[in-house]
Amino acid sequence: MPKKSFTTRIDPAILTLAQKLAVVDRRSITAVIEVAILEYAERRGLKPHKDDEQ
């Protein structure tokens, strides 16, 4: 899957929390945000599908 860049505005406190989680989990901030989105979607019964990619 090709990665796409995008710009977002995140509250500095949330970004700091993401950085702390990234250090603890030895991941990048991007990976932490990606996991959070996937877990959020899963709790709502949604899963990514190949045909959703653009």
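Is Ile10 buried, partly exposed or exposed, and what is its relative accessible area? Ile10 has a relative accessible area of 33% and is therefore partly exposed, where buried means under 20%, exposed over 50%, and partly exposed in between (1.4 Å probe, protein chains only). The structure is a predicted model, in which local features need pLDDT of at least 70, side-chain atom pairs count only at pLDDT 80 or more, and totals for chains, interfaces and linings use all residues. Residues are numbered from 1 along each chain as its sequence is written, and side-chain values use heavy atoms, with hydrogens and water left out.

Ile10 lies in the segment before helix 1; helices (H or I, at least four residues) are DSSP runs numbered from the N terminus. Together with Ile14 and Leu15, Ile10 makes a nonpolar surface patch of about 240 Å². Such a patch is made of residues with over 30% relative accessible area and no salt bridge, with nonpolar side chains (Val, Leu, Ile, Met, Phe, Trp, Tyr) joined within 5 Å. A salt bridge is a side-chain nitrogen of Lys or Arg within 4 Å of a carboxyl oxygen of Asp or Glu. Accessible areas come from the Shrake-Rupley method with a 1.4 Å probe, and for residues only the protein chains shown count as cover.

The second largest pocket holds about 150 Å³ of space. A pocket is an open set of points on a 1 Å grid over the protein atoms alone, where a 1.4 Å probe fits, with protein on both sides within 12 Å along at least five of seven lines; lining residues have an atom within 4 Å of a point. The volume is the space filled by probe spheres set on the points. Among the residues that line this pocket are Ile10, Ile14, Leu15, Val32 and Ala36. Helix 1 (12-25) and helix 2 (29-43) are the elements that give two or more residues to the lining, and helix 1 gives the largest share, 5 residues. The lining comprises 10 nonpolar residues, no polar and no charged.

Arg26 is placed in the loop between helix 1 and helix 2. Its relative accessibility is 79%, so Arg26 counts as exposed. The phi of Arg26 is near 55°, a positive value in a residue other than glycine. Most residues other than glycine have a negative phi.

Phe6, in the segment before helix 1, is exposed at 66% relative accessible area. A distance of 17 Å separates the C-alpha atoms of Phe6 and Ala36.

Key:
Ala, Val, Leu, Ile, Met, Phe, Trp, Tyr, Cys and Pro count as nonpolar, Asp, Glu, Lys and Arg as charged, and the others, Gly among them, as polar. Patches are made of residues with over 30% relative accessible area and no salt bridge: like charges are joined within 9 Å, nonpolar side chains (Val, Leu, Ile, Met, Phe, Trp, Tyr) within 5 Å.
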